[in-house]
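Keep the sequence at hand as you read.

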Amino acid sequence: MREQLEKLQRDAEEELRGALTDEAIQVIRTKYLGRKGVLTSILRGLGSVAPEERPAMGQLANQVKDALSLRIDSVLAGLAASKKDGKLLQERFDVTLPGRGGACGKLHPITLVTQEICGILASLGFSIVEGPEVELDYYNFEALNMAKDHPSRDMQATFYITENLLLRTHTSPVQVRVMEKQKPPVRVIAPGKVYRPDADISHSPMFHQIEGLYVDKRVTFGDLKGTLTFFLKHVFGDDIGVRFRPSFFPFTEPSAEVDIRCVMCSGKGCRVCGQSGWLEILGSGMVDPEVFKAVGYDSEEYTGFAFGLGVERIAMLRYGISDIRLFTENDRRFLEQF
Amino acid sequence: MKVSLRWLRDYVDIDISPIDLADRLTMAGLEVDAVEEYTPAFTGVVTARILSMKPHPGADKLHLLEVSTGEQVLPIVCGARNMKAGDVVALATVGAAIPGGYSIKSSKIRGEASEGMLCSEDELGIGPDASGILILPADTPLGVNLIDVLELRDTVLDIGITPNRADCLSIIGIAREVAVLCGKKLRYPKIAFKESSEDIRSLTSVEIMDPDFCPRYTARMIKGVRILPSPKWMRLRLEAVGLRAINNVVDVTNFVMMELGQPLHAFDFRFLDEGRIVVRRSREGEPFVSLDGKTRNLNAETLMICDGRKPVAIAGIMGGENSEVKEDTDTVLLESAYFNPSTIRRGARFLGMGTDAAFRFERGIDPEGVVRALDRAAQLIADLSGGTVSKGHIDTYPGKVDVSGPITLRMKRVEEILGTEVKAAEAAAILKGLGMNVKKEGRGVLSVIPPTFRVDLWREIDLIEEIARIHGYDRIPVTIPPIPAPGDIHDRKREFESAVRAALNGQGIMEVLNYSFISPQSADALALPESDERRRFVRIANPLTEDQAVMRSTLLYGLLETMRRNVNAGSPDLKLFELGKIFIARGEGEQPREVDKLALLLTGSRYGENWHFQGLATDFYDLKGALENLASCLRLAALRFVPDTTIPYLHPGRAARVLIGDREIGSLGEVHPDVIGRMDLRNRAFVLEIETEPLMGRADTAIRYREYSRFPTMIRDVAFLVPMEVDADRMLSLVRETGEELLETVDVFDVYSGKGIPEGMKSLGLRFTYRSPSRTLTDDETGQVHGRMVKRIVESTGARIRGES
């Protein structure tokens with residue numbers, strides 16, 4: 001009888017391995033464990049077993065039955081689980097297809113650079129002011145020590161509306177407007193559009209400047225150098241070389257052009273920097289006493305510095321843009337890149 | 001200005017490289033834009049003497065020569081005729097390269113050996129003369145490289161001279177700067193010449209009718225000149241600085257202008273009626289033919305140089321054709337004058353003549369350098385043309401030229417401006433080096449008189465700049481000014497604009513930047529009526545093109561143009577915005593109104609063409625939604641939209657005015673099909689333009705949390721059948737107006753017309769959500785409130801109820 005029970009177990013296991021459906025497994029269960037099944041028929045022969053062996057045989061039969069029963073349950077559960085997985089797998093998506101939803105909007109590169117510059121200068125205590133774009137000759141030129149008939153007006157070709165009304169050629173008139181209204185200390189920046197009748201690959205009839213002005217007691221040329229050096233290192237990196245070079249602006253004296261080491265060739269000389277290794281990046285200087293006179297400041301008591309920079313120029317260097325006209329062409333393929 | 005180093009070395013020794021020199025000048029405010037090396041395009045040409053010369057036995061036109069380079073004697077076959085035995089000539093030796101890619105080889109010409117070639121100026125590319133070979137002065141050393149003998153190598157600096165530095169518009173001016181910067185001595189040219197016994201005052205006279213315009217006029221006369229090409233040294237110098245050599249008189253006037261900065265003019269004396277000079281203003285409309293052959297119409301403000309009867313030159317700008325020096329000129333009247341800078345500037349601008357002379361006069365020349373330049377030119381003309389200078393010069397000086405008197409310079413002030421101390425001794429040395437008269441006035445105080453050629457130095461600050469630039473900007477230490485405690489750290493406008501940009505970017509809308517000037521045609525393109533203020537253009541007097549002739553009065557035209565360019569470039573799906581100013585003209589000569597605006601444009605497919613959404617076009621509600629989202633992001637009170645059929649560039653059935661509170665801020669809608677057609681836009685587009693300033697103060701920035709209800713909602717959906725023209729807003733307002741406390745929200749959940757709905761009607765599905773803050777609502781309670789709502793709508797609008805749940 002022991003052999004019979006052990007065989008039953010082996011046979012059933014064997015058949016279960018070949019069973020792939022619920023139905024087939026149920027058939028196996030009935031065949032071996034059912035009321036008319038193999039186990040039952042083996043147990044019928046219990047009577048012919050020696051009485052002292054009967055309890056052991058009975059115990060063995062129960063063990064076989066329980067084990068087989070458990071085994072069948074687990075095969076059934078496994079089958080159910082894999083059936084469910086199969087169903088989910090059939091619901092598969094192509095996860096490589098692009099996701100839904102429109103592209104993110106972008107800011108114009110001029111806005112990006114303006115925001116960055118204003119942010120750095122704001123951290124130095126400069127607050128932002130604005131002025132009109134259609135400006136009076138007085139504010140754009142005369143109050144800035146550029147009398148009519150003065151050759152310094154050649155430095156800035158001008159769009160005129162009438163004889164005394166023009167499109168501002170720089171953001172400097174905002175200096176005058178601020179100082180007329182406010183007593184020192186004054187520490188302001190004026191970002192905005194400016195206009196000059198010039199159009200080619202590196203000149204746009206409309207471009208953007210940021211003007212800075214700092215007036216107080218004891219403001220020095222050293223402060224000008226320090227402030228602008230700090231600023232340029234923030235924009236172009238700590239390693240950037242900076243130099244201050246004498247120049248001329250009618251509304252500052254002493255005046256300085258500020259150059260940085262060419263970011264394209266690191267100063268070796270290239271097409272972008274005209275082989276000089278330096279790039280002119282902003283104009284600056286100590287506010288000319290004539291300007292203070294025009295706004296009623298006492299130039300013995302107060303000194304100050306002013307500077308102006310071209311946003312397009314910095315954006316072109318920053319992003320490697322070689323044609324200034326791209327900024328106003330607004331081609332989607334350009335705008336998308338920022 | 002171009003500066004030849006060969007020429008510069010006539011006045012100052014330079015022992016640093018051209019690159020170093022350029023760097024020093026640049027760092028002293030004379031910006032060197034370019035350093036160009038000039039080397040002739042030949043090699044292997046040396047000086048040699050012709051020892052003997054005889055005809056070629058086999059050819060009539062050739063000669064057989066023996067030439068000596070000092071070391072060897074060579075046979076040469078030569079076709080030129082202008083040489084003779086004993087002449088020193090330019091010999092291209094075997095192996096030499098000459099322009100045009102030729103190299104000289106040992107050869108036999110008609111059976112005779114030739115070990116080289118004698119060259120003309122033209123063949124060497126160093127001059128125009130092709131008539132014969134180049135003959136050098138007899139004392140020229142032999143066997144020496146021709147490039148060295150003729151000093152043909154040069155370096156030219158191109159220097160950007162700022163408008164204040166009139167004194168640097170000459171070689172001597174640059175030499176003066178170089179001398180100071182390099183610690184060298186400046187050498188003025190020596191001026192010495194013989195005069196005849198005939199006094200100029202017996203030959204001519206100068207009368208100045210307008211001393212304000214012409215404070216000073218000086219003249220000399222040179223008789224018996226022979227007009228010839230200038231010698232090589234003169235031509236080389238003029239050509240190096242970009243001037244064309246003409247003849248030995250005209251070249252001298254140009255040479256001295258470049259050398260000393262004083263423009264000069266030479267008249268052929270025989271053409272001066274009554275043999276005298278009168279300086280006066282021209283008459284309005286008077287015609288005059290200038291040297292360049294062009295007829296100029298003068299105005300009453302133009303200063304003219306005249307003879308006894310007629311104008312002969314436009315003062316300080318250009319001479320006249322009627323008195324110019326010609327090949328047969330014998331007597332020259334030489335002019336050296338000081339003209340009022342503004343006079344010359346106005347004249348040159350009026351006539352559109354930016355000449356080298358005008359450029360210098362309008363910036364201001366040295367009023368005390370006038371006679372020196374006159375004498376220098378007289379010397380050179382006499383030297384080069386063989387003429388004789390008449391005795392004396394005329395100096396008519398009725399006007400007054402302002403020159404700077406003593407300036408007090410406080411060393412303390414130098415330190416206050418620069419932030420670093422400069423010792424009085426150093427300052428004095430710098431200023432003296434620049435030609436100033438410096439005296440000590442007291443402790444730390446100097447009294448300084450600038451030289452008359454420094455027309456830019458009047459004030460203490462001018463001197464401080466001079467000290468700073470020569471001392472060196474790079475030697476001024478860097479300091480950081482104290483940063484003040486911030487006052488108001490909020491920049492409302494900047495923060496508002498950033499929030500607008502972020503909210504629009506978040507909705508996939510891209511920022512663009514258009515020109516502020518547009519075409520005046522824009523008003524017609526947008527069909528603006530005559531009365532529309534957007535036709536009150538600010539017009540540019542001198543626009544670059546007619547397309548950019550007026551300041552924009554709307555952002556929309558630029559956005560639509562941007563759309564057209566992109567559509568044409570293959571990008572039809574666009575979501576764009578622009579923040580910027582528009583301009584509305586006020587009175588003549590008055591500044592216009594400048595208004596900050598925001599504009600949006602949507603066109604093409606909503607999400608771009610992709611596999612999710614095919615043919616899903618952007619529509620009105622995308623645009624409106626974008627604005628509503630913006631308002632929500634900015635925490636603005638609800639915007640109101642009022643249908644408007646009269647906005648000229650918008651589709652009359654798909655347009656609305658936008659209001660915030662009672663203030664109208666702009667409009668939105670679908671672009672009118674006529675505008676699409678006129679502007680060749682191809683596709684439908686949706687635009688809005690609003691004023692931004694009214695939005696700024698209206699954001700609800702004081703955020704207060706409100707308790708929300710923890711009890712469940714009761715929802716009732718009703719489909720109303722209403723006439724097409726009943727707008728949703730009307731129905732919603734009716735409900736909201738009740739102020740019913742239990743009504744939490746009411747929304748449109750369905751709009752339907754078509755099959756199953758009578759013609760001219762639509763079904764509008766409203767969802768009513770009821771909730772109490774304090775209890776769970778019962779069916780009955782909800783039913784009563786809801787019944788009142790529905791009844792109100794039905795009674796007010798005549799709506800029928802199509803279904804309810």
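In which sense do strand β9 and β10 of chain A pair, and over how many bridges? Strand β9 (residues 278–287) of chain A pairs with β10(A) in the antiparallel sense, over five bridges. Bear in mind that this is a predicted model. Within this pairing, Leu309(A) of β10(A) has Leu282(A) opposite.

β10(A) has another partner. Strand β6 (residues 206–216) of chain A also pairs with β10(A), antiparallel, over eight bridges. Here Gly310(A) in β10(A) is the bridge partner of Gln209(A).

Now look at burial. Strand β10 (residues 303–310) of chain A has eight of its eight residues buried, so the rest of the structure largely encloses it. Thr303(A), Phe305(A), Phe307(A) and Leu309(A) point one way from the strand. Gly304(A), Ala306(A), Gly308(A) and Gly310(A) point the other way. Residues on both sides are buried.

Next, the contact between chains. On chain A, 71 residues are in contact with 77 residues of chain B. Helix α8 (residues 221–236) gives the most to chain A's side, with eight residues. That side has 34 nonpolar, 19 polar and 18 charged residues.

Finally, turn to chain B. An open sheet of three strands runs in the order β26-β28-β27, with antiparallel pairing. Its edge strands are β26 (407–410) and β27 (437–442), each pairing on one side only. The twist from one strand to the next averages 30°. β27(B) and strand β28 (residues 445–449) of chain B are joined by five bridges. Asn437(B) stands opposite Ile449(B) there. Helix α13 (residues 460–471) of chain B packs on this sheet and touches β26 and β28. The helix direction makes about 55° with that of β26(B).

Methods
Residues numbered from 1 in each chain as written. Chains lettered and ligands numbered in written order. Predicted model: local features only at pLDDT ≥ 70, side-chain atom pairs only at ≥ 80, totals over all residues. Contact = placed C-beta atoms within 7 Å. Helix = DSSP H or I, 4+ residues; strand = E, 2+ residues; numbered from the N terminus. Nonpolar A, V, L, I, M, F, W, Y, C, P; charged D, E, K, R; others polar. Buried ≥ 20, exposed ≤ 12 C-beta atoms within 10 Å, placed from the backbone. Pairing = 2+ DSSP bridges. Axes fitted to C-alpha atoms, helices over the stretch in contact; angles between N-to-C directions.
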